[in-house]
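Biologist: I would like to learn how to read a model of this kind feature by feature, with the general idea given before the particular case. Could we begin once the structure is on the screen?

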Amino acid sequence: KKEKTLAMIKPDAISNMGQIIDLICKTGFNITKLKMVRLTKNEAFEFYQEHQGKPFLETLLSFISSGPVIAMELMGDNAIGKWRDTLGPTDSSIARSAAPMSIRARFGTDNTRNACHGSDSPISAAREIEFFFPTAGINRQNTAQ
Ligand code: CMP
């Protein structure tokens, strides 16, 4: 079924944005929204609220707010699962052996610097898309698909 997901290129992979966006298109996703933005630490906390209390939260927030990110709404069949498959395992050092062609294997470094994010469920996808692309005023229904 047709789904939407939120993809984010993290600060460590911004230098590889061209290759990553090319791969997204060649994998068959439609990029229906896209924005480059630098998050404040508070905004990063809002985005990653489900990780409140985790030991790695502070490291994650510092990293995500350390430079620009590119947020994208991707559309396609089974987009949530398909994008997570394209990413590979969360830890890039594990991805390199388990899924060497994956985005995290190719463009990431470790558990924190892992190149890209993907929503893990339809509820997360809806919340994360709304976070970057709020549906109000002129943005309402403003999608490419
Ligand atoms: P992401 O898909 O953006 O979702 C949450 C992020 O937290 C994850 O990718 C990792 O970058 C980070 N993360 C998850 N688990 C760990 C961990 N054990 N140590 C450090 N960072 C982690």
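Modeller: Let us start with residue classes: Ala, Val, Leu, Ile, Met, Phe, Trp, Tyr, Cys and Pro count as nonpolar, Asp, Glu, Lys and Arg as charged, and the others, Gly among them, as polar. With those classes, the shell around the ligand divides into two nonpolar residues, six polar and no charged. This is a predicted model, in which local features need pLDDT of at least 70 and side-chain atom pairs count only at pLDDT 80 or more, while totals for chains, interfaces and linings use all residues. Residues are numbered from 1 along each chain as its sequence is written.

Biologist: What does the protein average in pLDDT?

Modeller: The term pLDDT is the predictor's confidence in each residue, from 0 to 100. Where pLDDT is low, the predicted coordinates should not be read in detail. Here the protein averages a pLDDT of 95, and 94% of the residues score at least 70; the model also scores ipTM 0.95 and pTM 0.94.

Biologist: Which residues are around the ligand?

Modeller: A residue counts as near a molecule or strand if its C-beta atom, placed from the backbone, lies within 6 Å of it. By that rule the residues around the ligand are His51, Phe56, Leu60, Thr90, Asn111, Thr112, Asn114 and His117.

Biologist: Which residues does the UniProt annotation "binding site" cover?

Modeller: UniProt positions are given in the numbering used here, feature names are shortened, and annotations may be inferred rather than shown by experiment. In the unreviewed UniProt entry, the annotation "binding site" covers Lys10, Phe56, Arg84, Thr90, Arg104 and Asn114.

Biologist: Taking two of these, where do Phe56 and Arg84 lie, and is Phe56 buried or exposed?

Modeller: Helices (H or I, at least four residues) and strands (E, at least two) are DSSP runs, numbered from the N terminus. A residue is buried if 20 or more other C-beta atoms lie within 10 Å of its own, exposed if 12 or fewer, and partly exposed in between, with C-beta atoms placed from the backbone. Phe56 lies in the loop between helix 2 (41-47) and helix 3 (57-64), and it is exposed because 11 other C-beta atoms lie within 10 Å. Arg84, by contrast, lies in helix 4 (residues 79-87) and is partly exposed, with 19 other C-beta atoms within 10 Å. Ala95, in helix 5 (residues 92-98), has 24 other C-beta atoms within 10 Å and therefore counts as buried.

Biologist: In what order do the four strands form the open sheet?

Modeller: Strands of a sheet pair through backbone hydrogen bonds, either parallel or antiparallel. For the assignment used here, two strands pair if DSSP finds at least two bridges between them. The four strands form an open sheet in the order 2-3-1-4, with antiparallel pairing. Strand 2 (30-37) and strand 4 stand at the edges, each with a single partner strand, so one side of each is left without a neighbour in the sheet.

Biologist: How many bridges join strand 1 to strand 3, and how many join strand 1 to strand 4?

Modeller: Eight bridges join strand 1 to strand 3 (residues 69-77), and within this pair Lys4 has Met75 as its bridge partner, while Glu3 has Gly76. Three bridges join strand 1 to strand 4 (residues 116-118), where Ile9 stands opposite Cys116 and Ala7 stands opposite Gly118.

Biologist: What is the phi of Asn78, and what is that of Ala115?

Modeller: Most residues other than glycine have a negative phi, and most peptide bonds are trans. Asn78, in the loop between strand 3 and helix 4, has a positive phi near 50 degrees, and it is partly exposed, with 13 other C-beta atoms within 10 Å. Ala115 has a positive phi near 75 degrees and is placed in the loop between helix 6 (103-107) and strand 4; with 25 other C-beta atoms within 10 Å, Ala115 is buried.
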